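Dear colleague,

My notes on it follow directly after.

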Amino acid sequence: MFVRAYVRLLVAGFRRQSTYRLAALGGLVANTTFGLLKVALLFAAIDASGGELAGYDAATMSTYIWISQGLLGSVNLSGRTEVADRIRTGDISVDFLRPLDVHLASITSEVGRALFALIPRGVPAVAIGALLVGMAVPDSPAAYVVGAVSLVLGIVLSAATVYLVGACGFWLVETRGIAILYMIVSGFLAGLFVPIAMFPDWLHTVATATPFPSMMMYPIDILSGRVDGAESLGLVALQVGWLVLVLGVGQLATRAGRRRLEVQGG
Amino acid sequence: MTAIIETDGLGRDFRVRDGLRRKTVVAVDDLSVRIEPGEAVGYIGANGAGKSTTIKMLTGILVPTRGSVTTCGLRPVADRRRLAREVGVVFGQRSQLWWDLPVRDSFRILAAIHSLTPAVERARTEELVERLELDEFLGTPVRQLSLGQRMRAEVAAALLHSPRLVILDEPTIGLDVLSKQRLREFLVAERQAHGTTLLLTTHDMGDVERLCDRILLVDRGSLAYDGTLAGLSRTVGAERVLVVDLASPVPDLLDVPQARHLGSEGGGLRQRLAFDPDTVTAAQVLAGVSEHGEVLDLAIEEPDVEEIVRRVYAGRR
Amino acid sequence: MADLSIAARTAPYRAVLAARIRAQRTYRSNFLLDLASSLLIGLVELAEVWVVFRSVDSLGGLDLAAIVLVFGLADVAYSLADLAFGHCDTLPTYLRAGTLDVFYLRPQPLLLQLVTSDISLRRLARAGVGVVAVVVGLSINDIAWSASAVGLLVLSLASGVATFAAMFVWAAGAQFFLLDGAEATNAFVYGGRYAATQPASVWDRPLKVVFGFFFPMAFAAYLPVVTLLGLPGSEWMPSWLGWCAPLAALWMWGLALLTWRTGVRHYQGGGG
């Protein structure tokens with residue numbers, strides 16, 4: 001019964017974005033610009049390393065660059081969430097009165113928004129990259145499927161993790177600090193700036209100890225074909241593991257937060 | 001004597017997107033008006049009639065599509081900065097004050113902006129603070145003020161540099177009765193003391209009655225009436241309405257002299273009577289009602305702008 | 001009107017800025033937070049450059065030591081420009097709320113009012129990262145110190161600040177046409193900042209046209225460093241081009257002011 005409600009939420013999150021066409025176009029220009037600059041730099045780096053750098057060749061690096069740019073609209077690396085605003089204004093108490101789980105509903109509409117953003121931002125960015133530069137793609141249909149699943153998992157995981165930032169609002173008056181910190185750290189560790197395989201060992205260890213690479217880096221590696229077969233399934237399993245953990249924490253945090261609101265008087 | 005405002009065939013069009021096509025909307029059409037120094041003019045009309053657009057052309061924000069306009073003898077667009085020293089504008093919806101700074105800071109900044117000498121700044125600020133009673137919230141950030149307080153501060157800000165012309169765009173909108181009263185009294189006194197010219201756009205007939213000697217009525221961009229309020233009411237035959245609450249229900253008051261019965265509520269407890277203020281006073285109508293029953297409470301409704309405007313339009317067809 | 005002294009003419013702008021600075025200091029905890037996050041952002045951006053350059057001996061003719069200097073110069077110039085001009089990106093907010101009209105009622109030029117309407121002190125922290133990078137870069141690189149070397153550095157830093165400032169003004173002027181498309185100008189303002197920290201020699205021709213000459217980001221740091229370190233030039237970019245940084249700044253300001261004027265005319269519906 002509630003499934004229908006969640007589906008509607010997803011669709012609504014989807015639809016809300018369709019009004020921002022001009023903004024999407026502007027975003028595409030931004031993606032293309034950064035993409036081309038990164039291509040210039042990272043290709044030169046690969047060239048200077050004799051054709052391969054940290055397991056990337058030019059083709060897989062190109063895939064990395066364009067998919068990471070395209071995912072910017074879908075993976076929430078800004079740290080800002082609607083739930084944080086609703087807690088601050090007090091509207092969250094209305095949400096608690098509804099028969100939907102606040103935690104899951106919030107994540108669902110965020111995912112809806114993110115999935116929609118793939119259309120004006122995700123696909124065109126990749127298309128432009130493919131046209132202008134060319135990129136590596138998976139060579140078997142199975143790899144495409146695994147890649148798509150990994151992509152969706154990454155998006156859901158990012159929505160679930162950033163929810164925790166917003167949930168801090170149950171205890172802190174101002175979540176701005178945490179949101180900014182999240183924004184700075186998440187992008188870097190998710191592999192937005194450079195592939196994490198290029199990190200020095202200690203930094204790489206730090207990154208893999210967080211859910212961030214699972215949001216972006218792993219789906220990209222699977223979709224570019226850099227990682228395949230059993231290893232790709234292993235990455236997907238890792239994503240699922242993180243998702244379960246983060247969802248669990250989110251549930252606990254929401255329940256505790258709700259109790260706190262009730263005690264305080266909302 | 002040079003006019004404070006003079007427009008000749010002033011017009012302004014906008015191109016708007018209507019679905020897939022673009023169409024041209026005429027916001028102001030062939031406006032020719034002359035306002036002398038010291039006048040108090042009410043500029044009324046329905047929403048979208050072109051009032052804000054005209055003000056923007058008077059102050060140099062918008063370039064006219066047709067015709068010409070001169071404000072304080074200057075060309076608004078070309079001489080905008082010189083004109084800014086002569087004109088003070090109060091926007092009802094937009095604030096000229098610095099939102100998160102104390103009111104006092106806004107005044108200091110504005111004094112610097114208008115290059116007022118310290119002596120003039122001090123004297124003028126004191127005068128305005130006293131007459132608009134701003135003392136209690138001079139140190140409060142603007143965003144924490146109530147609407148009434150903010151409007152008083154805005155008026156003071158607009159008048160700080162003692163402009164020759166003051167334009168007020170819906171200044172009393174949303175204010176309670178007392179605040180409106182105080183603001184109007186201040187503006188009347190200011191005019192008397194300094195001879196400032198006043199141009200006021202408003203929906204509120206109370207504003208017009210108490211502040212203006214002349215009315216410009218605009219209907220879809222063009223001038224429908226230019227004259228006094230009394231003249232307008234007479235032209236249009238607008239009536240005031242007396243609403244009486246009676247001690248006990250009374251049959252419909254159909255034969256109160258010189259009054260027209262509009263309706264009854266509560267089985268005759270509350271009754272509405274319309275009358276022409278030129279031929280009979282409210283007091284006389286009230287006297288007529290009192291002969292039929294004891295009056296507990298009463299209210300008088302002024303003909304609202306929409307009603308007058310509607311009648312003017314009806315007359316123009 | 002009497003001829004006013006410099007002090008009197010700048011009084012309105014100083015008054016607003018002073019009030020803004022006072023206001024920023026009163027929000028202590030937020031201010032500290034902003035300082036800390038600016039610092040962190042600067043560090044992460046430096047880390048990004050460092051991660052790439054540590055994997056190779058040299059890239060585009062620059063080694064790690066050289067790129068640190070490039071990064072530092074570009075970042076300091078950007079941070080200082082951002083401090084004074086960064087808030088010009090609030091113009092879309094003014095446009096949507098209609099509050100730009102308030103600027104028209106004041107006897108000052110519109111652009112000057114916009115530029116002096118705020119100042120972001122927290123950018124100072126980010127400038128700190130850049131300054132450290134510059135100092136480190138100057139010490140670990142092999143520089144033939146002379147009066148002309150110092151002159152080149154000072155000239156490029158000043159030109160870099162002016163160029164980035166012009167980018168902010170250009171973006172603001174473009175907002176009159178773009179409104180919701182603000183991200184398009186971000187592509188060139190933030191993309192430009194990113195480009196300024198790169199070795200332009202790795203760019204292909206289209207990129208060189210866009211970020212080398214049209215939005216002259218390469219002149220902010222890369223080209224001066226090439227000149228300073230006596231490195232060989234690359235296609236279209238001879239090694240002495242670093243001395244032309246002031247010309248690049250002039251060009252960018254011309255572009256910015258033209259865009260601003262066109263934008264304002266469009267807003268007013270005028271133009272003749």
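Two strands are said to pair if DSSP finds at least two bridges between them. Helices (H or I, at least four residues) and strands (E, at least two) are DSSP runs, numbered from the N terminus. This is a predicted model, in which local features need pLDDT of at least 70, side-chain atom pairs count only at pLDDT 80 or more, and totals for chains, interfaces and linings use all residues. Residues are numbered from 1 along each chain as its sequence is written, while chains are lettered from A and ligands numbered from 1 in the order in which they are written.

Chain B

Strand 8 (residues 214-219) and strand 9 of chain B pair in the antiparallel sense, over 5 bridges; Leu216(B) stands opposite Asp226(B) of strand 9. Both strands belong to an open sheet of 6 strands with mixed pairing, ordered 5-6-7-3-8-9 in chain B. Its edges are strand 5 (87-91) and strand 9 (222-227) of chain B, each of which pairs on one side only. From one strand to the next, the twist averages 15°. Helix 1 (residues 51-59) of chain B packs on this sheet and touches strands 3 (40-44), 5, 6 (165-169), 7 (197-201) and 8 of chain B. Contact here requires C-beta atoms, placed from the backbone, to lie within 7 Å. The direction of helix 1 makes about 150° with that of strand 6 of chain B; axes are lines fitted to C-alpha atoms, for helices over the stretch in contact, and angles run from 0 to 180 degrees between N-to-C directions.

Strand 11 (residues 260-265) and strand 12 (residues 270-275) of chain B run antiparallel and are joined by 5 bridges. His261(B) has Leu273(B) in strand 12 as its bridge partner. The hairpin has 4 residues between these strands, and Gly266(B) takes a positive phi near 60° in it.

Chain C

Helix 3 (residues 64-85) and helix 8 (residues 147-178) of chain C pack at about 50°, their axes 8 Å apart. Residues that meet there include Leu73(C) and Ala77(C) from helix 3, and Gly160(C) and Phe164(C) from helix 8.

Chains A and C

The contact takes 30 residues from chain A and 30 residues from chain C. On the side of chain A that touches chain C, helix 2 (21-48) and helix 8 (176-190) of chain A each supply at least two residues. The largest share, 16 residues, comes from helix 2 of chain A.

Terms used. Contact = placed C-beta atoms within 7 Å.
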